[in-house]
Structures are given as C-alpha cells and as structure tokens.
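Morning, everyone. I have one structure to go through today, from the overall shape down to single residues. Please look at the screen.

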Amino acid sequence: MSSPTVKLNSGYEMPLVGFGLWKVDNATCADTVYNAIKAGYRLFDGACDYGNEKECGEGVARAIKDGLVKREDLFIVSKLWQTFHDEDKVEPITRRQLADWQVDYFDLFLIHFPVALEYVDPSVRYPPGWHYDGDKEIRWSKATNQETWGAMEKLVEKGLARSIGVSNYQAQTLYDTFKYAKIRPATLQVELHPYLQQTELVRLAKAEGLVVTAYSSFGPTGFLELDMDRAKSVSPLMEHDAIKAMAAKHNKTPAQVLLRWATQRGIAVIPKTSRPAVMSQNLDCCSFDLDQEDMDRIAKMDLNVKFNKPTNYFPTEKLW
Ligand code: NAD
C-alpha cells in the first residue's frame with residue numbers, strides 16, 4: 001500500500017498520507033518507524049520537541065539496511081523548536097537533528113510555532129521544551145519571524161532542507177511571511193479536523209500555493225493521551241453518529257472517513273498510531289470518496305475548538 005502524492009511549490013512530491021511521531025515513546029519508537037515503513041508509509045512527521053528523533057533515525061537506518069527502502073524513497077519532515085529561532089542557532093540545531101535522524105537533508109523543515117524563546121543550550125537540556133528553566137519560567141527571544149525565515153532559507157541554499165514551511169501560522173503571520181520570503185513556504189501544518197475546520201485559512205493557503213497538512217485529524221483523541229480537560233469536554237469524533245453513519249455507508253472505519261475528509265480536498269494528513277493493523281488502515285484512506293451529502297454534513301460539525309494552543313503550556317498572563 002502507498003499514498004498518493006501532492007506537488008509542492010518547491011517542485012518536490014510529498015505523500016498525502018504520512019505518519020505522525022508526537023507522543024511515540026522512546027522505547028518503541030525505532031520499531032514503530034520500522035513497522036510503519038514496512039506498512040508502506042514514506043512520510044514521517046517529526047520534531048525536536050518530540051524527543052525521539054534519535055530513535056526515529058534508528059528505525060529508518062534499520063529499514064534502509066534491511067533493504068525495505070532507500071533514503072530517496074522517504075520524505076522526512078522535522079521542525080525547528082522555538083528556542084532556536086535566533087538566526088545563528090538555526091543551522092547548528094538543524095545539523096544536530098539531521099545527525100539524530102542519520103540523514104544529510106530533510107525533505108521538509110518547518111518552523112514549529114511562530115513564537116521565539118530564549119536559547120537553551122542542548123548540552124543543558126534537550127529537547128528544551130517551553131520553559132527556560134525546565135520548570136515554569138518563560139523567556140522570550142527577540143528574534144523576529146523574518147529573521148528566522150531568512151535562516152530557514154539558508155538551509156535550502158546549503159542543501160540541508162529541500163523544502164521549508166511553517167506550522168501553527170494564522171493568516172496574518174502568513175501574509176507577513178509573503179512580504180519578505182525569497183523562498184515561499186511550501187506547506188502550512190495546522191490543527192485541522194471537523195471540530196476545527198479553518199475554512200478561510202485553508203482557502204488562503206491554497207490560493208497562495210501552499211499545501212496544507214492537517215494535524216490531529218481525529219480531534220480530541222490525540223489529546224486524551226495528555227489527559228486534557230478540553231479534549232474530554234467534546235465527544236470523540238470517531239464516535240460521532242454522523243461519522244459512524246458515513247463509515248458504515250462506505251464500508252470504511254470512522255478514522256478513514258476523518259482522514260478522507262482532508263485528503264479528498266488535497267490536504268495532507270499525518271495520523272499517529274503504534275498498532276501495525278491500524279497503521280495500514282490509516283494509510284488506506286484514499287481508496288474511496290465521500291459524497292457531497294457527507295461533506296455538507298461534516299461542514300456543519302465545526303465547533304471552532306482548538307486543542308493545541310501554546311497557552312496550554314504556560315500561563316496566559318505570561319503572554320502580556
Ligand atoms: P491523531 O489525531 O493522529 O490521533 C492519535 C490518536 O488516535 C492515538 O491515540 C491513536 O491511538 C488513535 N488512532 C490513530 N488511528 C486510529 C484508528 N484508525 N482508529 C482508532 N484510533 C486511532 O493525533 P496527534 O498525535 O495529535 O496528531 C498526529 C500528528 O500530527 C502528531 O503525531 C504530530 O506528528 C503532528 N502534530 C503536529 C503539531 C504541530 O504543532 N505542528 C501538533 C500536534 C500534532
């Protein structure tokens with residue numbers, strides 16, 4: 001089984017269905033990546049912040065050594081963490097992340113959030129997380145998004161990233177980026193599911209030639225793992241009557257309906273699971289089409305509820 005691909009504005013093809021690596025624990029991560037490659041996944045969505053890039057690299061290296069894939073068959077995505085937004089910090093940390101993955105270029109490297117935090121030396125703590133002291137203290141960096149984007153462009157010039165993009169940007173941050181970008185972002189990765197449809201943002205990104213990647217396609221489900229109250233306050237999407245009815249109608253699972261709702265509109269998805277049977281099920285989410293009635297019904301489910309907010313990770317008063 002394989003995923004269809006979509007062409008990025010950088011000229012590279014990106015798989016529409018990939019594998020998400022957040023919350024994949026270190027002990028099982030190398031095996032999970034290996035099994036996902038075996039199941040047919042070619043895109044892996046990682047990040048410094050997930051704290052498992054070394055293990056991801058081990059899974060990839062084993063798959064290459066066993067002849068399952070070659071490096072060029074894979075599409076490896078990683079992200080720049082907030083404490084590395086200062087211009088002079090971008091390349092060194094990217095090189096470290098590449099070394100962890102045991103590769104010499106990322107297919108796509110994203111700014112994880114448009115929020116710059118004071119540098120924390122990796123020898124002090126890695127990954128650094130949100131807090132300067134590893135506990136409660138938030139310290140901002142003065143790096144602007146423009147400065148950071150310029151350093152991201154240098155990664156492309158040096159061959160360390162083939163494409164670059166952004167994550168957790170909203171319309172205004174995107175418009176700003178378009179003013180100074182010599183290389184336009186290839187993708188915009190945002191939280192996107194029937195409870196948070198982001199219709200206007202998706203329209204803007206597409207009109208400007210960016211491919212949108214949806215994260216947390218299953219809405220609250222991924223955040224239940226964090227015991228988040230907001231995630232418990234809405235009913236799980238996979239158990240929603242309308243989604244279950246569509247799954248029954250198309251002889252698919254609710255998860256496949258949720259993923260197809262995105263991919264049918266050219267939006268990439270990166271679901272996460274550690275179970276091989278579920279990996280195959282998620283990868284096989286483009287073999288049917290939802291009909292207009294389904295799309296209209298899902299359009300009515302928007303609650304404009306966002307689960308992944310920076311303010312989850314530090315007190316709101318720190319923002320002002
Ligand atoms: P997700 O929406 O993929 O949901 C994961 C949960 O759903 C897990 O509990 C898993 O066991 C369950 N699940 C997966 N497939 C299933 C199926 N077919 N049937 C039943 N249950 C199933 O959650 P996520 O981890 O929040 O998001 C996916 C990926 O998106 C992450 O791993 C990460 O790579 C990326 N992400 C990026 C950001 C960002 O800021 N850029 C933020 C969050 C997530």
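Before the layout, a definition: helices (H or I, at least four residues) and strands (E, at least two) are DSSP runs, numbered from the N terminus. What you see is a predicted model, in which local features need pLDDT of at least 70 and side-chain atom pairs count only at pLDDT 80 or more, while totals for chains, interfaces and linings use all residues. Residues are numbered from 1 along each chain as its sequence is written.

By that definition the protein has 12 helices and 10 strands. Its radius of gyration is 19 Å, close to the 20 Å that the globule rule gives for 320 residues, so the protein is as compact as a globular protein of that length. The radius is taken over C-alpha atoms, and the rule is 2.2 Å times the number of residues to the power 0.38. The C-alpha trace spans about 55 × 50 × 35 Å along its principal axes.

Now the sheet. In what order do the strands of the open sheet of eight come? The order is β3-β4-β5-β6-β7-β8-β9-β10, with parallel pairing. Two strands pair if DSSP finds at least two bridges between them. β3 (19-20) and β10 (268-269) stand at the edges with a single partner strand each, so one side of each has no neighbour in the sheet.

Some pairs in detail. Strand β4 (residues 43-45) is joined to β5 by three bridges, and L43 has F75 in β5 as its bridge partner. Strand β7 (residues 161-167) pairs with β8 over two bridges, where V166 stands opposite L188. L188 also stands opposite V212 in β9, and five bridges join β8 (residues 187-191) to β9.

Next, burial. A residue is buried if 20 or more other C-beta atoms lie within 10 Å of its own, exposed if 12 or fewer, and partly exposed in between, with C-beta atoms placed from the backbone. Of the 320 residues, 44% count as buried. In β5 (residues 75-80), six of the six residues are buried, so the strand is largely enclosed by the rest of the structure. In β9 (residues 211-215), five of five are buried; V211, T213 and Y215 point one way, and V212 and A214 the other. R230, in helix α8 (residues 229-232), is partly exposed, with 13 other C-beta atoms within 10 Å.

In soluble globular proteins, nonpolar side chains tend to be buried together. Here the largest nonpolar core has 75 residues, and F44, F109 and V212 have the most contacts inside it. Such a core is a set of buried Ala, Val, Leu, Ile, Met, Phe, Trp, Tyr and Cys residues joined through C-beta atoms within 7 Å. Helix α10 (residues 254-263) gives the most to this core, with six residues. Contact, too, means C-beta atoms, placed from the backbone, within 7 Å. Leaving aside neighbours within four places in sequence, the contacts of F44 include G18, V33 and I76.

Key:
Two residues are in contact if their C-beta atoms, placed from the backbone, lie within 7 Å.
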